[in-house]
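I am opening my notebook on this model. I will jot down each thing I look up, one residue or topic at a time.

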Amino acid sequence: MIQNPILRGFHPDPSIIRVGEDYYIATSTFEWWPGVRIHHSKDLMHWELIEYPLNRVSQLDLRGVGPSQGIWAPCLTYDKGTFYLVYTIVKAFYCNMYDTENYLVTAENIHGPWSEPVALNNFGFDPSLFHDDDGRKYMVSMVTDHRVPKKYAGRLVLQEFDAAERKMTGPVRDIYRADGIFLEGPHIFKRHGWYYLFSADTGTGEAHGQTIQRSRDVWGPYEMYKPEDKLRQQGEAYSILTSRHHEDILLQKAGHCDLVETPQGEWYAVHLCGRPSRDQNPGDAERFPGVRRYMLGRETAIQKMCWTQDDWLVLEGGGNVPREDVEPPKCGEILQRTESPEEMEESGSGTVRGERPEARHRTGSGAEQTMSGQAIVRDDFDTPNLHLDYQSLRIPMDEHYISLTERPGWLRMYGRSGLASRFSQSLIVRRVTEYQMEADTCLDFAPEVFKQMAGLILLYDTDNYLYLHLSHDEDVGKCITLLKAENKKYEYLTDYIPVEPERDVILHLSLTETQVQFSYGLRGESLQNIGPLVNASFLSDEACREGWFTGAMVGICCQDLTGFGKHADFDWLEVRTE
């Protein structure tokens, strides 16, 4: 059985395609660099990170964007030998007038090179490209409305895209307006002469869901499917998938789906979900009072679907509640055979010719090197490139920030701006994927003033983190301390503890549920706890006041607020889950 979630930790807004016998999922990355993670699978069960298509500053400039802004809801499609990726760059969100810039990049191979971006329309976020069987292409997206009050609770628009001219063309028309049910994340697909409008409903929290509508014309009008749901209350969306009335199941927040058909004619939906912690916001919290906290962020799960006799899409097995364990696709002779080019063009599945190259990722030296996306536990930094799993905040980690060659077998990190910076941080992180996790690193660092710091960090965004780090104090000398930032409230959880000046230091953290214990020690010696047992659940979508669409990350970083770029050398970073 396929065990959900299939992409664990921060992997929201999945978009899926099949090209021949290969499946690809694209997910949102928000303010994290590079932009858009693409995973690959042959069986819908085992997934490998293979690519970031937005990996050049000319394609993506995230400097200055706020937490949880940046790349929203990419849509990956394929047509006649070309991959298409449309996405939103959100540059203003915590206001009435959102800035939602929609772009398109293309490639003939999933590993690129991907084109420079083409600007589309900016009516709202969550753009999706639909390739009709007559060769015409259309983009659908939701519409933001800054007016008070809004004219509609939910609104979707459609416009044609001219692939030859690479620009939007013709009128922009509403295809969905509603006073009550809010829809976003729309996709259009076609089957048996019906155009289906597949959309997420009711936000992204625990009331989240997925609806489906259909029409005989791509421009509508669309009729909404209204499945029987005895738990549905007045005014709720008619969701074919939702967790909203089942607080006891593992997969909460279910919604924001996309569809794929297997070579055997089976249908699957990938969808956003979340696994809650045992903690919740206080009843008087400024935002989301009393709701459960999700440290791991929004993840990706998969469900098997089927069609009713009257051509509506529903969960296989009935109901609308997501399953934790899902039957995998059938295998056998049909799966093993290769479709002819004519069959692939007819089915729209397409093909990628030639050998599949390894994924490429930029290193600190600015060179591109091959690197597998298989999950890692311990990274000894003994290759000339960063592993694909790492991401940085808003900017690439070029030679101004890191080097893997200056001291072979170590990662050298040059201290730059502070942890609140939205422009120039020296930081790399990996996703926290389970509520049981340990992480440690070993560093060689000789700070000279208190403005120079380096260490191990558990963070959500620039306002929320726990930072175990080395620094220098005028009275103590080289020292270690633990800093907590919670919604811009800063406090040190320990004194400045002296450490021997010329010894490598090991920094460690252990997360159990939402409780984290930090510890440290000199290389070759036992570790000792530092600071109290800390409730880290504030590193969650629900608890952070500004950003609330990503998830907790763990990694290493270095700051030098003097401007001189003092470096720290890291021997390894290990992240273990149970």
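**Asn385.** I began here. Asn385 is buried, because its relative accessible area is 7%. I use buried for under 20% relative accessible area, exposed for over 50%, and partly exposed for in between (1.4 Å probe, protein chains only). I placed Asn385 in the loop between β27 (378-379) and β28 (392-393). Strands here are DSSP runs of E with at least two residues, helices are runs of H or I with at least four, and both are numbered from the N terminus. I also checked Asn385 against Tyr496, which is 111 residues away along the chain. Their C-alpha atoms are separated by 35 Å.

**Ground rules.** I am reading a predicted model, in which local features need pLDDT of at least 70 and side-chain atom pairs count only at pLDDT 80 or more, while totals for chains, interfaces and linings use all residues. Residues are numbered from 1 along each chain as its sequence is written, and side-chain values use heavy atoms, with hydrogens and water left out.

**Phe381.** I stayed in the loop between β27 and β28, where Phe381 also lies. Phe381 has a positive phi of about 55°, although it is not a glycine. Is Phe381 buried or exposed? It counts as buried, because its relative accessibility is 1%.

**Phe288.** I then looked up Phe288, which has a positive phi of about 50° and is not a glycine. It sits in the loop between β21 (267-274) and β22 (299-307). Phe288 counts as partly exposed, because its relative accessibility is 34%.

**Cis peptides.** I noted a cis bond between Asn4 and Pro5, with omega about -5°. Pro5 is in the loop between β1 (2-3) and β2 (15-19). I noted another cis bond between Gly220 and Pro221, with omega about 5°. Pro221 lies in the loop between β17 (209-215) and β18 (223-224).

**Asn55.** I found Asn55 in the loop between β6 (48-51) and β7 (70-79). At 19% relative accessible area, Asn55 is buried. What does the side chain of Asn55 reach? It reaches the backbone oxygen of Tyr52 at 3.0 Å.

**Arg191.** I moved to strand β15 (residues 183-191), which holds Arg191. Arg191 counts as buried, because its relative accessibility is 17%. Its side chain makes a polar contact with the side chain of Asp311 at 3.1 Å. By polar contact I mean a pair of N or O atoms within 3.5 Å; within protein, one must be able to donate a hydrogen and the other to accept it, and residues adjacent in sequence count only if both atoms are side-chain atoms. I listed the contacts of Arg191, leaving aside neighbours within four places in sequence: Tyr196, Trp267, Trp307 and Asp311. Contact means heavy atoms within 4.5 Å.

**Val86.** I went to strand β8 (residues 82-92) for Val86. Val86 is buried, with a relative accessible area of 1%. Not counting residues up to four places away in sequence, Val86 touches Ala73, Pro74, Cys75, Tyr103, Leu104, Leu120, Pro127, Ser128 and Leu129. I also took the C-alpha to C-alpha distance from Val86 to Ala119, which is 9.7 Å across 33 residues of sequence.

**Pro113.** Is Pro113 buried or exposed? It counts as exposed, because its relative accessibility is 72%. I found it in the loop between β9 (99-107) and β10 (118-119). Pro113 touches Thr106 and Ala107, not counting residues up to four places away in sequence. Pro113 and Leu54 are 59 residues apart in sequence, with their C-alpha atoms 9.8 Å apart.

**Whole protein.** I ended with the totals. I counted 2 helices and 42 strands. The C-alpha atoms fill a box of roughly 75 × 55 × 45 Å along the principal axes. Of the 578 residues, 61% count as buried. Among contacts with a separation of 6 or more, 59% join residues 24 or more positions apart.
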